[in-house]
Every structure is written in C-alpha cells, then in structure tokens.
Amino acid sequence: MSVRGHDLGQIREAVAKLCASFPMEYWRETDRERRYPTEFVRALTEAGWLSCLIPEEYGGSGLPLSAAAAVLEEIQRSGANGAACHAQMYTMGTVLRHCSEAQKKRVLPKIATGELRLQAFGVTEPSAGTDTSSIRTTAVRKGDCYVVSGQKVWTSRAEHSDLMLLLARTTPREQVQKKTEGMSVFLFDMKAALGKGLTIRPIRTMINHATTEVFFDNLEIPAENLVGEEGKGFRYVLDGMNAERILIGAECVGDAKWFVAKATAYANERKVFGRPIGQNQGVQFPIARAHMAAEAAALMVERAASLYDAGKPCGPEANMAKQLAAEASWQAGDMCMQTHGGFGFAEEYDIERKFRETRLYQIAPISTNLVLCYIAEHVLHLPRSY
C-alpha cells in the first residue's frame, strides 16, 4: 500500500492495522534482546509511511508534517516504538528545505524505496550537550573534500543507518561574530566511511534505543556532501529540530493515549473488595486527569504542525508541544503503573517497557530546563539565563 491523500483518519486506521500485525510479544523480544526492530521498519518502509514527507517526484507521497505526526502517534498508541525510525521523518526538515536538487535526486528516491536509510542525526557532543554552538567536531576544507575530526554522542540508530546528517564547525568559534555561525551540515554515506575515519560504538541504556557514540578521525567527506552554504548549518538544523520536537510530541501523545486506554480497561475489569477498582474515585480521577493532559497536548502538537506546514515560525509552539506532550505521557505512564499495582511491573503487561521508553522524552531531544529557558527568554522576554 502507498500513502495517498491527506485524510488523517484513514492514515491512522491504516497504520494501526499494520501495527496490529506486530503483537506485543514482538516488542518484548526486541526489548529483551536489545535488538533493532528490522522487520517493523521494513514493513513501514514498504507501506510508504517512512517516505510520506518525501515529495512525489522523488518517490514519496508529499504529505505534510501533520500526516507524519499522525503516523508516529498511531505507532505509539498501538504499543509499538517509533523511535526505531522517526529520524527518517524529522531529518526531512533539513533535507527538503536545504539540500540541493542534485543531492535530493541522489538520495531521496533510494530513501523512499528503502534502499537507503537516513536515521542518524549527528549533532550532540559529550562536552557540549544541548549547547549546540559549543560543538568541537571540525570539518576543514582540503581540496575537493572536508576532513572531519571529533566525536558525537547519543547518535541513535547509527549502526542501522546508511546516511548521516552531520553538524560540524567549519569556522572556529572564536573567529565568528555570533556563536551560532560557522557551523555546516553534511549529508554523507556512513557505510562507505566505516573503518576509514568513522567508528561507531554502541551505548547500552535503560531502553532499547539503539543509541551510540560516533568518532571521526580525519574522515574525508566529499565537498559535494555539504548541505547549502558553508557556515549556515545551525539555521538548517533548526528546521530538523523543530520537526523533531513536533513529531516526538506526537509520539508522546500516542504513548499517553496507550497508557490511558490500558489503565481504563484494567480499572473496569479488575475487581477488589467485590467491585471494579475503576468505581473508586481514587482510581478514576488520575485516569481522567491523564486523559485531559493528553488531549490538551494533542492540540498543541496539532497547532505546531500546522504552523510548520504553513512555513511559519514555530519554535515556541514546537518546544511547548514537545514539553507538554512529554509531561502528559509521563503522567499517564505513572498513573497506568499505579492503576495496575504489582502487575504493572510484569513484562507481560508491557507497561514497564513503555514506562521506560516514554521517560526519555523529558530529556531528549531537548531537556525540560532548556525548553523552559527558551520560552522564558524568547516568548516572555525575561533576561537570558545562560
């Protein structure tokens, strides 16, 4: 099946049907074994969902970000984990808006068919964290290539990606007027670079997120892989970052709705002292609050996506959508665990897995404190705190 039309209801229905073919035991196994869900990613690719943002002339469906948000929300709502492949959607924010026509023709058709995967977004570094302007990875122009040296961390899916969207400093920070200047973006072939200056080292974490640290040791990247203009990369990745925050907000909404549905069903069927536990207000009220928080966050995600699709500034909305949705999913996860009591800790109920997975999004892709600083400074015009 290919994605056609903009009917979000039909999109949700089709994605839910696909996800239903991957039972919860599949996700328990991949989590238990720390295995990449290759089969699930392949199924999404073949159905056209991972290429839904790619324009039709390159083999995609040319759908708006709101459609991609619906896809990812539905994946999470089904109990699956879209983190295995969501980067192929949010990196399009940079690729579609800033890559040259030649670059698009070279990679987009192959990404659409699944021949190539673009799942790695190399931005964060150990010493810089969320202070992106302090990155130390450098790219020095030498003839017809750039020589890259440095390190990235939390580069998820690097082992399962053919291409990486990389941010590196091409002009030293002390030589630019604004600290956000002098950084450039490259879209390069990771498979060809392995063993030739590129090293990938997996990081085992609390969740099955396939995350890594990546080392660059005089890696030569052809100059034709530079995206846009040299030194303008920070602005380019912002489009990817805003898309990322909106899409992860949608994922969190999906998680929250999964938790609410799970808790509601259990509260209706579980009987203690001769009555369903859902009859007790002490159980009802947290579920109702979690439902309201999820619905409110969904509206914020929808608002941010509509601004993004219209090509309008959406930084505040993207940040608020991500933060409100992350808080809603964690509230719902905590409520669902509490509703189930001891059974919530049992692997077979899937709650403990989703509980771990959704906790990540108050830390990534941007921490709670940084969102609050952004809103305080850029929306409320309070003094800059950092």
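E357 and R353 sit 4 residues apart in helix α12 (residues 351-359), so about one helical turn separates them. Helices here are DSSP runs of H or I with at least four residues, strands are runs of E with at least two, and both are numbered from the N terminus. An α-helix has 3.6 residues a turn, so residues three or four places apart point the same way. The side chains of E357 and R353 meet in a salt bridge, 3.3 Å from N to O. The term stands for a side-chain nitrogen of Lys or Arg within 4 Å of a carboxyl oxygen of Asp or Glu.

The model is predicted: local features need pLDDT of at least 70, side-chain atom pairs count only at pLDDT 80 or more, and totals for chains, interfaces and linings use all residues. Residues are numbered from 1 along each chain as its sequence is written, and side-chain values use heavy atoms, with hydrogens and water left out.

Both E357 and R353 are buried. Buried means under 20% relative accessible area, exposed means over 50%, and partly exposed lies in between (1.4 Å probe, protein chains only). Because 8 of its 9 residues are buried, α12 is largely enclosed by the rest of the structure. Among the buried residues of α12 are I351, F355 and T358. Their cover includes α2 (24-33), α4, α9 and α11 (315-340).

Two packed helices are described by the angle between their axes and the distance between the axes. For α4 (residues 65-77) and α9, the angle is about 35 degrees and the axes are 7 Å apart. Axes are lines fitted to C-alpha atoms, for helices over the stretch in contact, and angles run from 0 to 180 degrees between N-to-C directions. The crossing of α4 and α9 is right-handed. That is, the near helix is turned clockwise from the far one by less than a right angle. The contact (heavy atoms within 4.5 Å) involves residues of α4 including L65, L72, E73 and R77, and residues of α9 including I246, L247, K257 and W258.

K257 touches E73, R77 and E295, leaving aside residues up to four places away in sequence.

Side chains of opposite charge can pair when their charged atoms come close. R97 pairs with D239, with the closest N and O atoms 3.2 Å apart. R97 is partly exposed at 38% relative accessible area, whereas D239 is buried at 16%.

E213 forms a salt bridge with R201, the closest N and O atoms being 3.8 Å apart. E213 lies in strand β7 (residues 212-222) and R201 in strand β6 (residues 198-202), so this pair ties together parts 12 residues apart in sequence. E213 is buried at 18% relative accessibility; R201 is partly exposed at 45%. In total, the structure holds 19 salt bridges.
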